[in-house]
Amino acid sequence: DNVYEDEGSEIQQPNEVTVHIVRCRQLIRTSRTLASKDTSNPFVRVSTTFESKRTKTARRTVAPVFQKRFSFEGRQGDQDLLVEVFDSSSGDEEPLFMGRARLALKEL
(Lines give C-alpha, C1' and ligand atoms only; values in the text may rest on other atoms or scores of the structure.)
Protein backbone atom coordinates (compact mmCIF):
# COMPACT_ATOMS: atom_id res chain seq x y z
CA ASP A 1 0.00 0.00 0.00
CA ASN A 2 1.23 3.44 -0.93
CA VAL A 3 0.08 5.71 1.87
CA TYR A 4 1.29 9.28 2.22
CA GLU A 5 1.09 11.72 5.10
CA ASP A 6 0.41 15.39 4.54
CA GLU A 7 1.54 18.22 6.82
CA GLY A 8 -1.58 17.77 8.96
CA SER A 9 -0.40 14.19 9.62
CA GLU A 10 -3.63 12.81 8.21
CA ILE A 11 -3.21 9.65 6.19
CA GLN A 12 -3.78 10.22 2.48
CA GLN A 13 -4.40 7.44 -0.01
CA PRO A 14 -2.93 7.47 -3.54
CA ASN A 15 -5.17 9.23 -6.06
CA GLU A 16 -6.83 11.21 -3.29
CA VAL A 17 -7.10 14.98 -3.26
CA THR A 18 -7.57 16.77 0.05
CA VAL A 19 -8.88 20.33 -0.01
CA HIS A 20 -8.64 22.61 3.01
CA ILE A 21 -11.14 25.48 2.89
CA VAL A 22 -9.70 28.08 5.23
CA ARG A 23 -11.63 31.32 4.75
CA CYS A 24 -13.08 33.89 2.39
CA ARG A 25 -12.33 37.60 2.38
CA GLN A 26 -14.08 40.68 1.03
CA LEU A 27 -17.21 38.88 -0.14
CA ILE A 28 -20.03 40.90 -1.63
CA ARG A 29 -22.75 41.99 0.75
CA THR A 30 -26.01 40.39 -0.30
CA SER A 31 -28.46 41.28 2.45
CA ARG A 32 -29.23 43.95 4.98
CA THR A 33 -29.84 42.98 8.61
CA LEU A 34 -32.15 44.71 11.08
CA ALA A 35 -29.13 46.53 12.48
CA SER A 36 -28.64 48.14 9.03
CA LYS A 37 -25.37 46.35 8.48
CA ASP A 38 -24.86 44.86 5.03
CA THR A 39 -23.81 41.22 5.27
CA SER A 40 -23.92 37.75 3.66
CA ASN A 41 -24.56 34.14 4.68
CA PRO A 42 -21.88 32.35 2.63
CA PHE A 43 -20.98 28.71 2.16
CA VAL A 44 -18.41 26.98 -0.06
CA ARG A 45 -19.12 24.03 -2.35
CA VAL A 46 -16.23 21.90 -3.65
CA SER A 47 -16.95 19.54 -6.55
CA THR A 48 -15.37 17.05 -8.90
CA THR A 49 -17.13 15.38 -11.82
CA PHE A 50 -18.48 12.64 -9.55
CA GLU A 51 -18.75 14.17 -6.08
CA SER A 52 -19.75 17.41 -4.34
CA LYS A 53 -19.29 18.56 -0.74
CA ARG A 54 -20.02 21.83 1.07
CA THR A 55 -19.22 23.74 4.21
CA LYS A 56 -21.78 24.84 6.74
CA THR A 57 -23.27 28.28 6.15
CA ALA A 58 -21.47 31.09 7.95
CA ARG A 59 -24.06 33.55 9.25
CA ARG A 60 -23.94 37.33 8.83
CA THR A 61 -20.36 37.79 7.62
CA VAL A 62 -18.37 38.84 4.57
CA ALA A 63 -15.18 37.29 5.97
CA PRO A 64 -16.07 33.74 7.08
CA VAL A 65 -13.55 31.31 8.56
CA PHE A 66 -14.41 27.69 7.70
CA GLN A 67 -11.34 25.54 8.55
CA LYS A 68 -12.89 22.52 6.81
CA ARG A 69 -11.11 19.67 4.99
CA PHE A 70 -12.65 17.56 2.26
CA SER A 71 -11.11 14.51 0.59
CA PHE A 72 -11.99 13.30 -2.89
CA GLU A 73 -11.00 10.01 -4.47
CA GLY A 74 -9.35 10.59 -7.83
CA ARG A 75 -11.38 8.81 -10.50
CA GLN A 76 -10.83 8.37 -14.18
CA GLY A 77 -12.70 11.16 -15.93
CA ASP A 78 -12.17 13.75 -13.19
CA GLN A 79 -10.51 16.75 -14.80
CA ASP A 80 -11.27 19.75 -12.60
CA LEU A 81 -11.81 20.64 -8.98
CA LEU A 82 -14.45 23.35 -8.76
CA VAL A 83 -14.59 25.64 -5.70
CA GLU A 84 -17.68 27.86 -5.57
CA VAL A 85 -18.97 30.37 -3.03
CA PHE A 86 -22.69 30.98 -2.58
CA ASP A 87 -24.89 33.08 -0.34
CA SER A 88 -27.51 31.04 1.46
CA SER A 89 -30.92 32.47 0.69
CA SER A 90 -33.83 32.42 3.05
CA GLY A 91 -36.89 30.39 2.20
CA ASP A 92 -37.14 28.34 -0.96
CA GLU A 93 -34.89 30.56 -3.08
CA GLU A 94 -31.84 29.16 -4.85
CA PRO A 95 -28.49 30.17 -3.28
CA LEU A 96 -26.95 33.28 -4.83
CA PHE A 97 -23.72 32.62 -6.76
CA MET A 98 -20.81 34.75 -5.44
CA GLY A 99 -17.67 33.36 -7.11
CA ARG A 100 -15.79 30.37 -8.50
CA ALA A 101 -12.30 28.94 -8.95
CA ARG A 102 -11.56 26.00 -11.24
CA LEU A 103 -8.39 23.97 -10.65
CA ALA A 104 -7.07 21.37 -13.07
CA LEU A 105 -6.62 18.11 -11.13
CA LYS A 106 -3.72 17.02 -13.32
CA GLU A 107 -1.78 20.05 -12.05
CA LEU A 108 -2.35 19.30 -8.35
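Two strands are said to pair if DSSP finds at least two bridges between them, and in this predicted model strand 6 and strand 9 meet that description, pairing in the antiparallel sense over six bridges. Within this pairing, Val 44 stands opposite Val 85 of strand 9.

Strand 6 also pairs with strand 7, which comprises residues 52-54, again in the antiparallel sense and over three bridges. These two strands form a hairpin with four residues between them, and the bridge partner of Val 46 in strand 7 is Lys 53.

Strand 6 is mostly covered, five of its six residues being buried. In soluble globular proteins, nonpolar side chains tend to be buried together. The largest nonpolar core of the model has 16 residues, and those with the most contacts inside it are Ile 21, Val 44 and Val 46. At least two residues of this core come from each of strand 3 (16-23), strand 6 (42-47), strand 8 (65-73) and strand 9 (80-87). When residues up to four places away in sequence are not counted, Val 44 touches, among others, Ile 21, Phe 66, Val 83 and Val 85, and its contacts also include Lys 53, Arg 54 and Glu 84.

Gln 26, although it is not a glycine, has a positive phi of about 55 degrees; Gln 26 lies in the loop between strand 3 and strand 4 (31-32), and is exposed, with a relative accessible area of 78%. Gln 67 likewise has a positive phi, near 50 degrees, without being a glycine, but Gln 67 is found in strand 8.

Conventions:
Residues numbered from 1 in each chain as written. Predicted model: local features only at pLDDT ≥ 70, side-chain atom pairs only at ≥ 80, totals over all residues. Heavy atoms only, no water. Core = buried A, V, L, I, M, F, W, Y, C linked by side-chain atoms within 4.5 Å. Buried < 20%, exposed > 50% of the residue type's maximum accessible area, 1.4 Å probe, protein only. Contact = heavy atoms within 4.5 Å.
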